[in-house]
Every structure is written in C-alpha cells, then in structure tokens.
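Please keep the sequence and structure in view while reading.

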Amino acid sequence: MPQRFRHMLGIEPLSAEQIAFLLDQSKSFQDIQRHPLKKLATLRGKTVALAFFEPSTRTRISFATAAARLGADTMNLQAEVSSLRKGESLLDTVRTLDAMKPDCIVMRHSASGAPEFVAGRLEISMINAGDGTHEHPTQALLDALTIRDRKSALMGLNVTILGDILHSRVARSNLHLLGKFGCRFTLCGPAMWLPRELECLGYPVRRVARAEEALEGADVIIVLRVQQERLHEPALPLEEYILLYQLTPKRLGLARPDALVLHPGPMIRGLEIDPAVADGPQSCVLEQVTNGLAVRMALLFLLIGAASADSEDAADAAH
Amino acid sequence: MLHIKNGRVIDPASRTDAALDVLLDGDRITQVGPAAEVALSLAARPAGSLEFIDATGLIVAPGFIDLHCHLREPGDESSETIATGTAAAARGGFTAVCPMPNTKPVNDNASVTRAILERAQAAGSVRVWPIGAASAGSKGEALAEIAAMREAGIVAVSDDGRPIATARLLRHVMDYCRSLDLTVIDHCEDASLVAGAVMREGRQSVRLGLQSMPAAAESIAVARDIQVAELTGCRLHVAHLSTRASLELVRAARQRGLPVTCEVTPHHFTLTDEDVGYDTRFKMNPPLGSREDREALLAGLADGTVDAIATDHAPHEPALKDVEFDRAPFGVTGFETALSLALELVHRNALKLPRLVELFTTGPARVLGIPRTIAAGEPADLTLFSVDHTWTFRAAESASRSRNTPFDGRSFRGAPMVTIVGGRVVFRR
C-alpha cells in the first residue's frame, strides 16, 4: 500500500505498515549508493532547508548528500551562525527560513518536541533529525533497514540496547520501530538511566543491570554513545561505565553467534565499545551510514517528490 | 440598598443551606432571613433607593477568596495588570484575590505593598489582599520587612515561585510570623530534584523525552516544612499541593494537631501528566501529577484535608508561551474557570455543594485567620453562581491579558453569575 507522509516527526505515531513501506522505498535507493554516477534529477528545482540548532556533523552531511543525490538544493542554517544567539525565538528563526520558500525543513534541536511545535505552526513539511531526548526517526529507519538486510526480517528478534536509555532519542525511536514488529527488548545500562517507566511504553521490555545477562541470546545489539556533554549530573566515572558496560569481544561472545552490532555514532572506541568489536565482522556501523543515505533519500522523495508518490514512481526514480 | 431575592444561601460558617433573602446596605450586609421577614423590614424602612437581584435558581455564597494568584503588576504588565487580573477574577466569582509577591520589584517592603493596594483601589474591582515576601527580594537570605508590610496590608508571607530556601531561614520566618500572627505559605519543592525539569516524572515524561521531577520533589519539602511548623508553632500553608504523598503528610500533621493547611488548584484536580504533550499551556509548576495523585487530591477535597481551592492564576503573554516546551515559563491562567471546574466534581458526585462553597470561602479565610460568613454586619461581599448554567470558555474572550490556559474551548455546566464586592456589583453574566 502506498502511503502519504506530510511530516516525519517521530516513529511512535507510525503504523508497522507505514514503516514497512518506508523501508521498501529505501531499498530502491540503496543501489544508487553503489552506482558510479549517483546523482538523480528527481528533486531538481526543490530546496531542502537544513536547520540544525544543535551541533551535528553526520546527520547533517547525510541529509545534505541525500538531497544532493536527488538533485535538490539545500539551505543551511547552523546554530553557531544563527540569530538564536541574538535572542530570536525558534519560531521567528524558522519562519524566516520558511519565507525563503524551501520545500521542506530538516530540523535538529536540543528541545524535545521542537519539530512538532514548529510543524504545528507552519504549512511546510518537517523532518525531525533528532529532537532532544525524544526521537530520531531516520536513525531508527536506517537501523531497521540494516537489520532487515542482514536478518531478512525484523519480526521477533531479541534486541539488546546498551547504554544510557533514558537520555537517548535513538533508543526511543528504535523501541517504537522494532517494537511495532514484535521485537523483544532487553535494556541495559546504569540503573539511573534505566527508569521503570520504559516498561510502560507498550512493548515487551525487560530491564537488566548486568551486561552479561543482557547480551545472552541477543540477535541485535544496539550500543549507544555515552553522552558526556549533557544531562549527566552528577556524572558517573567513565571507568565505571567501561568496567560494567563496554561491549568487549568476551561479552559479545554471550550473544547469538550471528548477532549484529549497531552503533548510531559518533563512536568512541575504548569507551562504550572495544575496537575489536567495532571493526569485527558482526559490526554494521559503516552499513548504517550508507543506509542512512538511502533512508533519507526515500523520505525526501516521499515528502516533497511527485505529488502523488507511490511505490512505482519511487522505484522508477531509483533506477 | 441591594436586595438579593429568592436565592439559596449556602454559608458554611453558620452551617446554613436554605432559601433566604439577603439585604445589603452600603458596604455591609444588614439582614439575612426568609423572604417574608426581609420584606417586612423593608416595608418598615423609610423609602430610599432600593435595587434588587433576582437570584432564583442561584446559590448565594460568601464572597470567594483566591489565596494564590499572580497579577504581574508591577513589572510584567504585558502579561497582566492589577486592573485586567481583577476583572478576570470578578468574572470568576472571586471577591478577593491574594497576589504573590514575585513581581518586579518583589513585594518585600511596605512601599510596594501600598503601591499594589493603590492600583487595586483605582481598578475598583475585586479586593486585592497582597502576600508579602518572606525574604528580601525572595532571595532566601535576609528577612523581608514583614512587620511593615503587615501594617501596610499584607495578609500572609511567601517566597512563592520558589521555596523558602533553607530550613534555617524558614525557622526564622516562622518564629517571626508567629509573633505577628501571619500565616507562612510555602511553595514546596526540593530545588535539587526540580532543577531543569519541565514536567512530572512518569511514563509520559519518558515517552516525550522531557526532563522530569519525581513526586518526591514536593513531599520532601512538605515534610521539612511541617517539622519546622512544629518547631515554631507558626501556621503553615502548603501552596498548590499536588501529590498523594504531600497530602498524606498534611493529613498526618493535622491529626497531630499541627496548624498546617493546604490548597489545591483546579488544574491539578482536573488534569494529569497523561494530558501533557508539547503544548506549553499544560506546563506549570508544580507539574500535573499522576492519576493516583489526582484521585488523592479529590479525596482530600471531599474529606476536608484540603482547605482551599486556589487558582495559581499565572498569566504569561502569548509570545512567552509560544516557544519550545523546555523554554516556556511555568504557569496557567485560572480565575475564570476555577468554579466551573470545581462544579464538574459536584456534577459527578465527587464533591458536595456546601463543601465546594467552603473550599472557596471559609476554607481560605481560615488559612488567613479571618472570618467569612453571611451575617448582618459583615462586609457585603457575595458570590452568586449557577450550578446548571451551560457555557463555553473562550480564552480569547477572557478579561485576562494572557491566554495560557489548558481549558480553552471547554464546555461547562455551572458558572459564576454575579460578583458583589463591598455592596457593588463588579460582574454580572
């Protein structure tokens, strides 16, 4: 079933059917990444505004590249040079951007709900590129695409998420996405970042304090970054984190032999992950990055491409 | 003279609930009695100007008192002024409102208190009974000029907006206020647990990814305050109590005979954290609690543990609230919807009507240590309301300067109909 999308604010409100459609659409954009000539003309004449109110390199470049490969132009707004520093409100800043008539806005912001707030006040399509500790929908989509490629299906997998779950928008979006496909979750990390309420989101979740226990039988391991820059007062000594939660080859050995290791990046070797695991055969880290382009191209195409986007058009566009 | 005919007088102080007429002369009540008696004494009087209000089908109650509001003047007149705030209060059936001292400048000395009272006088609507700061600038260090403010007209002290900073300061304030016969009102929260939080901790905060405070952030402070009240013997009033644990602490303190009272806001007894999204009209402090908390508050309202319904009317001009949830100031407006929200409880049998009247009248009066009753010689402050009048609240039509209410567009059964202050009708629906 073709699906229409006006915004992409989060995974939570999407149905499994809509998500499956997005992943199918993304598949057709994967091939382009391997093609010697990567540029399409599908979105020629369209403009994608990148409004990043929080520092980001990877996600911003991924969206900019996705737009470029579809033939769209981009407008770049970065927090460092924006008028927010001068005290302008978010709404006024985005309205100014909107007045330059882009076709959609890709927004990252440190406040949870900021893209939803703006989407409710402007006519333009909005893509959430990560909002505070709420959601990061394109990350979850690219993770799912990566898992589906290697495991052929998402249904019923045992997924272990390792790290600071409470403050992770990646964890939330992955819970919503994989949860809708019947995955079972084991959440593991320091107890203060593992609130009981995670069990009340509507998915089968168990909280485990010991990494060894959490990794046993895992099909997929999502390693979260240790976010040293925010929200962690009082801080936990990093040595403690490494001691208990670093994904080492020994710990990985407790998971299924074919378990996948995902990491949303940026990855700090020797902190949350042992270099041997990061570079090992089970690691999907670089595939995730490539799949990020496919997912974001598919999304841009569906949001601002042909007015009556359906799967046929998308497939044509991709070939 | 003003003759209020055919109403149902509910006066908790005299345990009256009967069809009675009320006669006002100037700024005083002169007679309360059966229609025939009042008619007789009217006939015996020399002719003069006589007006009447037909209160058929209405409840005639002592004038409502709101123990907790923010009128924003001086200092933030683009959000509210004493004139617009008191006009909104009159529309809500309130005859007296107690503005918190967190204005700019802070009401921590007699000249600010007098300025507020002068503005209120000029506005000519409902009575304004200011609450003075407990500490200078509400900074939590030195004491404010409490005795001088008392002479000027404050009715209680509080550092509302923030808690009275330390147990040591609270002890000094309470010792002093006991000697001045003033109630100390505290905004109870443990600052370290609240820092950075924008809503209550629970399933919804985890879902939304918003920084949250646990319910214990309030009850930890309530426990501290109760013990200092016991130490000093001063009257303690817990502002906008919002959790089950805090209520249990107040209930236990009362059972031990301590002079501890509390108030609950309409938004806390109506909404829960499940109602919070990224709409900043649902952002206030204390934040909306769990369903369990709301059930506890409803029980406390019904059984007498809660002394007063207070609005915590906290206007913020639209531009301040039209931002990301994290950046929005805390607070919602509340004057015009308070009674109607309380009547929702009456309609679903969660609250008896005389008890509702008590929560708006004798309850808050007792907190301040003043009488409130409908009797000859008392001030002619009355609130007439309908239990059945249906209407829809539109924030755009509010008398307040601000629009930050979660109840815009809500339809109600029951409304304030006439507000009388000092014998003058200041609002009539």
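In strand 17 of chain B, B:Leu382 is the bridge partner of B:Pro62. Strand 17 (residues 382-392) and strand 5 of chain B run antiparallel, joined by 4 bridges. Strand 5 (residues 59-62) of chain B also pairs with strand 1 (residues 2-11) of chain B, here in the parallel sense over 2 bridges. In that pairing, B:Val9 stands opposite B:Val60. Two strands count as paired if DSSP finds at least two bridges between them. Helices (H or I, at least four residues) and strands (E, at least two) are DSSP runs, numbered from the N terminus.

This is a predicted model: local features need pLDDT of at least 70, side-chain atom pairs count only at pLDDT 80 or more, and totals for chains, interfaces and linings use all residues. Residues are numbered from 1 along each chain as its sequence is written, while chains are lettered from A and ligands numbered from 1 in the order in which they are written.

**Strands of chain A**

Strand 1 (residues 47-52) and strand 2 (residues 73-78) of chain A pair in the parallel sense over 6 bridges. A:Ala51 stands opposite A:Leu77 of strand 2. With helix 2 (residues 58-69) of chain A, these strands make a right-handed β-α-β unit. Right-handed here means that, with the strands pointing away from the viewer, the path from the first strand over the helix to the second runs clockwise.

Chain A also holds an open sheet of 5 strands in the order 7-6-5-8-9, with parallel pairing. Strand 7 (205-208) and strand 9 (260-262) of chain A are the edge strands, each pairing on one side only. From one strand to the next, the twist averages 20°. Strand 8 (residues 220-223) of chain A pairs with strand 9 of chain A in the parallel sense over 3 bridges. There, A:Val220 stands opposite A:Leu260. Helix 5 (residues 137-151) of chain A packs on the sheet and touches strand 8 and strand 9 of chain A. The direction of helix 5 makes about 165° with that of strand 9 of chain A.

**Helix packing**

Two helix pairs are set out below. Axes are lines fitted to C-alpha atoms, for helices over the stretch in contact, and angles run from 0 to 180 degrees between N-to-C directions.

| Helix pair | Axis separation | Angle |
|---|---|---|
| Helix 1 (residues 16-30) and helix 11 (residues 285-304) of chain A | within 8 Å | roughly 115° |
| Helix 5 (residues 167-179) and helix 8 (residues 216-232) of chain B | 9 Å | about 40° |

The axes of helix 1 and helix 11 of chain A cross at roughly 115°. That makes helix 1 of chain A roughly perpendicular to helix 11 of chain A. Angles under 35 degrees count as roughly parallel, over 145 as roughly antiparallel, 65 to 115 as roughly perpendicular and the rest as oblique. The crossing is right-handed: the near helix is turned clockwise from the far one by less than a right angle. Helix 1 of chain A contributes A:Leu22, A:Gln25, A:Ser26, A:Phe29 and A:Gln30 to the contact. Among the residues from helix 11 of chain A are A:Asn291, A:Val295 and A:Leu302. Residues are in contact if their C-beta atoms, placed from the backbone, lie within 7 Å. This contact divides into 7 nonpolar, 4 polar and no charged residues. Ala, Val, Leu, Ile, Met, Phe, Trp, Tyr, Cys and Pro count as nonpolar, Asp, Glu, Lys and Arg as charged, and the others, Gly among them, as polar.

In chain B, helix 5 and helix 8 pack at an angle of about 40°. That makes helix 5 of chain B oblique to helix 8 of chain B. Helix 5 of chain B passes helix 8 of chain B in a right-handed crossing. Contact residues include B:Arg171 and B:Asp175 of helix 5 and B:Arg224 and B:Asp225 of helix 8. By class, this contact has 6 nonpolar, 1 polar and 5 charged residues.

**Between the chains**

19 residues of chain A are in contact with 14 residues of chain B. Helix 3 (90-99), helix 4 (114-119) and helix 6 (169-180) of chain A each supply at least two residues of the chain A side. Helix 4 of chain A gives the largest share, 3 residues. The chain A side has 9 nonpolar, 6 polar and 4 charged residues.

**Backbone exceptions**

Most residues other than glycine have a negative phi, and most peptide bonds are trans. The peptide bond from A:Gly265 to A:Pro266 is cis, with omega near -10°. A:Pro266 is in the loop between strand 9 and helix 10 (275-278) of chain A. The bond from B:Lys104 to B:Pro105 is also cis, with omega near 5°. A:Ser152 has a positive phi, near 65°, and is found in the loop between helix 5 and strand 5 (158-162) of chain A.

Definitions and conventions. Two residues are in contact if their C-beta atoms, placed from the backbone, lie within 7 Å.
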